[in-house]
Amino acid sequence: DLLLSVVCVLPQGLWEPRTTAFIDAFSATIPKFRSHITLLKQCCLLYPTEDGFLRALSPVRHYMQSHYPVTDSHFGCLVDVYFALIDVPSDESASSVKYAQNNLRLEIGNISAVMDLCLLRGVPLKERTLRAIVSFSQFFRALSYMDLQLLSRAIDLAKDTMPDIAAQLWE
């Protein structure tokens, strides 16, 4: 199932309040998104958690990642969902901190994982990915979070061809 492959990319699972954004992003490729979720829950392939996520059991997640990895087109839709979350101006203002707390904190693991996969998969949108990582890193202080592996990978990729982005990542 395509939806199961998508959910299995996300280490935290699909945050249910974000379902509408997923429905919009995947409307062309998974038109009956809610029906697919219901079916996967009925088959016990996804289960709801107390913190509002739909997750796959670890063995299911690993099996799907190994044997049925998410397709490039579906990964592109997933990227669109998470890049839209961080494509907002960030500064040290109270509104920026509040935005980070309300919209990013609960899915910080998913956001980092999607960005890291963008770098590992070598998606053609390298500059867009690096700029998104710069935007995401500007929220780190508000979230009391730092993903050194992601930043290191991004700096290595940017240092030769996009030194301006590499410099922003160092900040």
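Me: Where is the place of Cys 44?

Reply: Quick note before we start: this is a predicted model, where local features need pLDDT of at least 70, side-chain atom pairs count only at pLDDT 80 or more, and totals for chains, interfaces and linings use all residues. Residues are numbered from 1 along each chain as its sequence is written, and side-chain values use heavy atoms, with hydrogens and water left out. Helices (DSSP runs of H or I, at least four residues) and strands (runs of E, at least two) are numbered from the N terminus. With that settled, Cys 44 sits in the loop between helix H3 (33–42) and strand S2 (47–48).

Me: And what is the phi of Cys 44, positive or negative?

Reply: Most residues other than glycine have a negative phi. Cys 44 is not a glycine, yet its phi is positive, at about 60°.

Me: Is Cys 44 buried or exposed?

Reply: Buried means under 20% relative accessible area, exposed over 50%, and partly exposed in between (1.4 Å probe, protein chains only). Cys 44 comes out at 58% relative accessibility, so it counts as exposed.

Me: How many of the contacts with a separation of 6 or more are between residues 24 or more positions apart?

Reply: A contact means heavy atoms within 4.5 Å. Among contacts in the protein with a separation of 6 or more, the share from residues 24 or more positions apart is 71%.

Me: How many salt bridges does the count come to?

Reply: Side chains of opposite charge can pair when their charged atoms come close. The rule here asks for a side-chain nitrogen of Lys or Arg within 4 Å of a carboxyl oxygen of Asp or Glu. Counted that way, the number of salt bridges is 8.

Me: Which residue forms a salt bridge with Asp 72?

Reply: Asp 72 is exposed, with a relative accessible area of 61%. In its salt bridge, the closest N and O atoms are 2.6 Å apart, and the partner is Arg 121.

Me: What parts does that pair tie together?

Reply: Arg 121 is partly exposed, at 31% relative accessible area. The pair's salt bridge has its closest N and O atoms 2.6 Å apart. The two residues are 49 apart in sequence, so the pair ties together helix H7 (residues 108–121), where Arg 121 lies, and, with Asp 72, helix H5 (residues 72–86).

Me: Which residue forms a salt bridge with Arg 128?

Reply: Arg 128 counts as partly exposed, at 34% relative accessibility. The closest N and O atoms of its salt bridge are 3.1 Å apart, and the partner is Asp 80. Arg 128 lies in helix H8 (residues 126–137) and its partner in helix H5, so parts 48 residues apart in sequence are tied together by Arg 128 and Asp 80.

Me: Which residues does the network with Glu 127 join?

Reply: Glu 127 and Arg 131 meet in a salt bridge (3.0 Å, N to O). Both lie in helix H8, 4 residues apart, about one turn of the helix. Salt bridges that share partners make one network of Glu 127, Arg 131 and Asp 164.

Me: What about Arg 61, which side chain of opposite charge is nearest to it?

Reply: Arg 61 is found in helix H4 (residues 58–67). It is buried yet has no salt bridge. For charges, Lys and Arg count as positive and Asp and Glu as negative, with His and the chain ends not counted. The nearest side chain of opposite charge is 10 Å away, and that is Asp 116.

Me: Last one: which residues is Arg 18 in contact with, leaving aside its neighbours within four places in sequence?

Reply: Arg 18 is found in the loop between strand S1 (14–15) and helix H2 (19–25). It is buried, with a relative accessible area of 10%. Its contacts are Val 81, Leu 85, Asn 103 and Glu 107.
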